[in-house]
Amino acid sequence: MHLNVIEHPLVEHKLTVLRDKKTPSSTFRSLVDELVMLLTYEATRNVAVEPVEIETPVAPTTGVMLSEPRPLVVPILRAGLGMLDGMTQMMPTAEVGFLGMRRDENTLEIETYANRLPADLSGREVYVLDPMLATGHTLVATIEYLIEHNAKRIVCLCILATPEGIEEIDKKIGDRADVTVVTAAMDEGLNEKSYIVPGLGDAGDRLYGVVD
Ligand code: URA
């Protein structure tokens, strides 16, 4: 697994406002958009492109465009949805699929409650959107699913990550797939309720309000 922690003053500034508990949902959503655009810039550094011939008003030239099959963007419901706009603004021709994952309170296993993904991911580059890489259980289950369906490369965009989450991915996935995690910050770790510390609280609640 490759890890890319983006170190940039603009990212750090936006992240600081995002973390602040006084920041209202509307500002929080705009900041997530902006942060995701900055993360996308780094996350797509190796996206597959192919040469194309075009004509400028002055002369013919060769440029590049994203190759087929198009990259697939997969927000993990619910909080990953908050990252989708930022990503699709940067990569409007990408396809979008959805995965809903939750922990079964009895078995503590991660289960999939929603799945709108192509069955065959052969040759696909998949960009997973999950703002909080906390224990890593959800992301490991997602990556396992994508490996089973033959994804070629998996890039996970997380606003925050923890050493525990990264270790979990390393331990469970190892070198079985080409996986990269791109994050705006590596936080200290988890508290007793598995919240990221210092973190930003519950990302879904801060994006969309509390749903009981
Ligand atoms: N999910 C969140 O929304 N926040 C955390 O701190 C951990 C997991």
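**Cysteines**

I started with disulfides, and the count under the distance rule comes to zero. This is a predicted model, so I keep that in mind for everything below.

How far from Cys-156 is the nearest cysteine sulfur? I looked it up: Cys-156 is in no disulfide, and the nearest cysteine sulfur, that of Cys-158, sits 5.8 Å away. I checked from the other end too, and the closest cysteine sulfur to that of Cys-158 is in Cys-156, at 5.8 Å, which is too far for a bond. The cut-off I needed here is 2.5 Å between the sulfur atoms.

Buried or exposed, I wondered about Cys-156? Cys-156 has 0% relative accessibility, so I put it down as buried. Cys-158 is buried as well, with a relative accessible area of 0%.

**Strand β4**

Next I went to strand β4, residues 72-77. Five of its six residues are buried, so β4 is largely enclosed by the rest of the structure.

Which strands does β4 pair with? I took the partners one by one.

- With β5 (residues 95-96), β4 runs parallel, joined by two bridges. I noted Val-96 in β5 as the bridge partner of Val-73. Between β4 and β5 the chain passes through helix α3 (residues 84-90), and this β-α-β crossover is right-handed.
- With β8 (residues 125-129), I found four bridges, again parallel. Here Val-74 has Val-128 of β8 as its bridge partner.
- With β6 (residues 98-103), the pairing is parallel over two bridges. Leu-77 is bridged to Gly-100 in β6.

A reminder to myself while looking at side chains: in a regular strand they alternate between the two faces of the sheet.

**Ligand site**

Last, I listed what surrounds the ligand: Met-132, Ala-134, Ser-194, Tyr-195, Ile-196, Gly-201, Asp-202 and Ala-203.

Then I looked for backbone contacts. A polar backbone atom of Ile-196 is 2.7 Å from an oxygen atom of the ligand. For Ala-203 I noted a polar backbone atom 2.7 Å from a ligand oxygen. Gly-201 has a backbone N or O atom 2.8 Å from a nitrogen atom of the ligand.

How much of the ligand does the protein bury? Taken alone, the ligand exposes 230 Å², and I noted that the protein buries 81% of that.

Notes
Residues are numbered from 1 along each chain as its sequence is written. This is a predicted model: local features need pLDDT of at least 70, side-chain atom pairs count only at pLDDT 80 or more; totals for chains, interfaces and linings use all residues. Side-chain values use heavy atoms; hydrogens and water are left out. Buried means under 20% relative accessible area, exposed over 50%, partly exposed in between (1.4 Å probe, protein chains only). Two strands pair if DSSP finds at least two bridges between them. A crossover is right-handed if, with the strands pointing away from the viewer, the path from the first strand over the helix to the second runs clockwise. A residue is near a molecule or strand if one of its heavy atoms lies within 4 Å of it. A polar contact is a pair of N or O atoms within 3.5 Å; within protein, one must be able to donate a hydrogen and the other to accept it, and residues adjacent in sequence count only if both atoms are side-chain atoms. Accessible areas come from the Shrake-Rupley method with a 1.4 Å probe; for residues, only the protein chains shown count as cover.
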